[in-house]
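This briefing is meant for a reader who is meeting the structure for the first time. Please look over the sequence and the model below, and then follow the points topic by topic.

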Amino acid sequence: MKRIILTISFLSLIFVQSFAQKAEYVSAMENAIGLLSEFENTENTRQGVSQLERIATAEPNEWLPGYWAAYGLANLSFAEPEADKKDLLLDKADKFLAYAEKLQPGNDEIEVLKAYIANARMAVAPQDRWQKYGATVSMGLQNANKINPENPRAKLLEAQGIYFTPEAYGGGKKKSAPLFEEALKRFAKFKPASGIAPNWGERDARWLLSQTN
């Protein structure tokens with residue numbers, strides 16, 4: 001009887017410790033993701049990425065720290081004025097995302113983020129890179145839509161692609177408007193799996209749609 005009680009007590013202690021560690025992990029993630037959401041403030045984004053790098057090291061079996069670190073690094077690349085430094089940030093983003101994909105293969109959000117990072121690569125030198133990275137963007141979005149046809153971020157990136165393509169090449173603001181509207185419909189229905197799951201892009205969709213009038 002005493003042995004049974006000790007076993008139950010030991011298992012209860014493990015459960016409490018595990019729960020505490022999980023709560024601490026979620027809290028740290030929420031704080032870091034909150035910094036990323038202030039993407040106009042690059043210093044906050046850098047702090048958020050640094051925190052996520054530490055969380056990824058401490059939690060090697062969790063895919064979300066690497067995912068969010070990759071997202072933050074891509075955003076930093078858009079703000080970085082020097083092309084070489086942009087690519088260094090994106091090299092790092094690719095490594096984080098590759099690790100996240102090992103832990104979470106076949107995930108539509110990871111496929112969308114591949115397209116997002118490829119967009120950032122293309123933005124470094126559009127005329128020289130559109131052919132190579134444009135194909136990567138298309139493949140990422142195709143894969144995401146196959147996995148989850150209702151992913152709002154996939155539709156957002158599709159709309160952005162049309163928005164920033166000149167009218168002479170089949171794009172333009174007016175042509176992108178219905179796609180942004182569709183993305184916003186998807187955002188309205190979308191429910192993230194948790195408070196730290198991917199849930200970015202709605203603000204971008206609303207702002208860009210407002211620029212199409």
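**Aromatic residues and their surroundings**

Trp68 is buried, since its relative accessible area is 4%, and a residue counts as buried when that value is under 20%. The model in which this residue is seen is a predicted one. The protein chain has nine helices and zero strands, and buried residues account for 41% of its 213 residues.

**Aromatic pairs**

- Trp68 and Tyr71 themselves make an edge-to-face pair, because their ring centres lie 5.6 Å apart and their planes meet at 85°, which is over the 60 degrees required.
- Ring pairs join Trp63, Tyr67, Trp68, Tyr71, Phe78, Tyr116 and Trp200 into a cluster.

**A charge over two rings**

- The charged end of Arg153 sits over the ring of Phe190, at 4.5 Å from the centre of that ring.
- Arg153 also lies over the face of Trp200, where the distance to the ring centre is 6.0 Å, and Trp200 is a member of the aromatic cluster described above.

**Helix α2**

- Helix α2 runs over residues 42–58, and its 17 residues should span 24 Å at 1.5 Å a residue, which agrees with the 24 Å that separate its end C-alpha atoms.
- The buried residues of α2 are Asn44, Thr45, Gly48, Val49, Gln51, Leu52, Ile55 and Ala56.
- These residues lie on the same side of α2, because they cover an arc of only 165° around the axis.
- The face of α2 turned away from this buried side carries the exposed residues Arg54, Thr57 and Ala58.
- At the start of α2, a side-chain oxygen of Asn41 comes to within 3.2 Å of the backbone nitrogen of Glu43.

- Glu111 counts as buried, because its relative accessible area is 8% and the limit for a buried residue is under 20%.
- When its neighbours within four places in sequence are left aside, Glu111 is in contact with Glu101, Gly140, Asn143, Ala144 and Ile147.

**The chain as a whole**

- Read along the sequence, the protein chain follows the pattern α-α-α-α-α-α-α-α-α.
- Of the contacts in the protein chain between residues at least 6 apart in sequence, 63% join residues that are at least 24 apart.

Note on methods. Residues numbered from 1 in each chain as written. Predicted model: local features only at pLDDT ≥ 70, side-chain atom pairs only at ≥ 80, totals over all residues. Heavy atoms only, no water. Helix = DSSP H or I, 4+ residues; strand = E, 2+ residues; numbered from the N terminus. Expected span 1.5 Å × (residues − 1). Buried < 20%, exposed > 50% of the residue type's maximum accessible area, 1.4 Å probe, protein only. Arc of directions from axis to C-beta. Polar contact = N/O pair within 3.5 Å; in protein donor to acceptor, adjacent residues only side chain to side chain. Phe/Tyr/Trp six-rings, centres within 6.5 Å; stacked < 30°, edge-to-face > 60°. Lys NZ or Arg CZ within 6 Å of the ring centre and 35° of its normal. Contact = heavy atoms within 4.5 Å.
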